[in-house]
Amino acid sequence: MTLPNAKSLQSNSALLSVCGEPGDGATAALIQGLVDTAASVAIIGHERPDGDCIGSEVALCSILRAQGKRAEIVNADPTPERYLNLDPDAMIRRHRPGAPLGANLVFVLDSTDLKRIGKITPEEFGGARIVDIDHHPGNPNFGNVNFVDTAAA
């Protein structure tokens with residue numbers, strides 16, 4: 001499969017629904033519907049982020065911004081120095097404990113459950129809808145929409 005570039009994403013916000021494996025379309029369409037109606041999006045990964053977490057966050061944030069969304073990455077822990085090159089546009093900010101995220105849609109990436117996101121609490125999500133995207137066994141499907149594929153790396 002050829003991945004789309006940012007320009008094609010701007011002109012085709014429904015593109016997400018055709019990416020992935022056969023059978024993923026319904027979940028992708030639900031996610032795209034939440035994205036389409038969101039004014040602002042926060043993306044959160046697990047505590048002590050590693051390369052797959054940061055890479056996933058930056059890729060999703062880039063796609064959302066290319067679609068014209070106000071999106072930012074908020075992590076509980078700082079980005080390790082060896083991964084700073086994955087965020088050349090400084091999309092990631094460090095969470096301030098107790099501060100609301102200020103988004104109406106939250107993507108939680110690469111986190112088995114909400115305990116794994118560190119010192120960011122669900123109360124700080126406000127009334128935001130949650131999209132859980134993960135690949136770890138044991139994920140309890142904590143989001144309003146869950147895309148959990150334990151066969152994916």
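**Cysteines and helix α3**

I began with Cys53, which at 0% relative accessibility counts as buried, where buried stands for under 20% relative accessible area, exposed for over 50% and partly exposed for what lies in between, with a 1.4 Å probe and protein chains only. The model is a predicted one, in which local features need pLDDT of at least 70 and side-chain atom pairs count only at pLDDT 80 or more, while totals for chains, interfaces and linings use all residues. Residues are numbered from 1 along each chain as its sequence is written, and side-chain values use heavy atoms, with hydrogens and water left out.

I then looked up Cys61, which is buried with a relative accessible area of 0%. How many disulfides does the rule find? Taking a disulfide as a pair of cysteine sulfur atoms within 2.5 Å, I get a count of zero.

Helix α3 covers residues 51-66, and I read helices (H or I, at least four residues) and strands (E, at least two) as DSSP runs numbered from the N terminus. The buried residues in α3 include Cys53, Ile54, Glu57, Val58, Leu60 and Cys61. I noted for comparison that an α-helix has 3.6 residues a turn, so residues three or four places apart point the same way. With 16 residues, α3 reaches 22 Å from its first C-alpha to its last, close to the 22 Å expected at 1.5 Å a residue, the expected span being 1.5 Å times one less than the number of residues. Just after α3, Gly68 takes a positive phi of about 90°.

Is strand β1 enclosed or open? Five of the five residues of β1 (residues 40-44) are buried, so I recorded this strand as largely enclosed by the rest of the structure. Both faces are covered, with Ser40, Ala42 and Ile44 buried on one side and Val41 and Ile43 buried on the other.

I count strands as paired if DSSP finds at least two bridges between them. Four bridges join β1 to β2 (residues 70-75), and the two run parallel, with Ile43 opposite Ile73 in β2. Four bridges also join β1 to β4 (residues 105-109), again in parallel, and here Val41 has Leu105 as its bridge partner.

I also found that β1, α3 and β2 make a right-handed β-α-β unit, where right-handed says that, with the strands pointing away from the viewer, the path from the first strand over the helix to the second runs clockwise.

**Salt bridges**

With a salt bridge taken as a side-chain nitrogen of Lys or Arg within 4 Å of a carboxyl oxygen of Asp or Glu, I find two in the structure. In one, Arg93 pairs with Glu72, the closest N and O atoms being 2.9 Å apart. Arg93 lies in strand β3 (residues 92-94) and Glu72 in β2, so this pair ties together parts that are 21 residues apart in sequence. Arg93 is partly exposed at 25%, and Glu72 is partly exposed, with a relative accessible area of 25%. Glu47 forms a salt bridge with Arg48 at 3.9 Å between the closest N and O atoms, and Arg48 is exposed at 58%.

**Positive phi values**

Asp110, in the loop between β4 and β5 (129-134), has a positive phi of about 60° although it is not a glycine, and it is buried at 5% relative accessibility. Asn141, in the loop between β5 and β6 (145-148), has a phi near 60° and is partly exposed at 42%.
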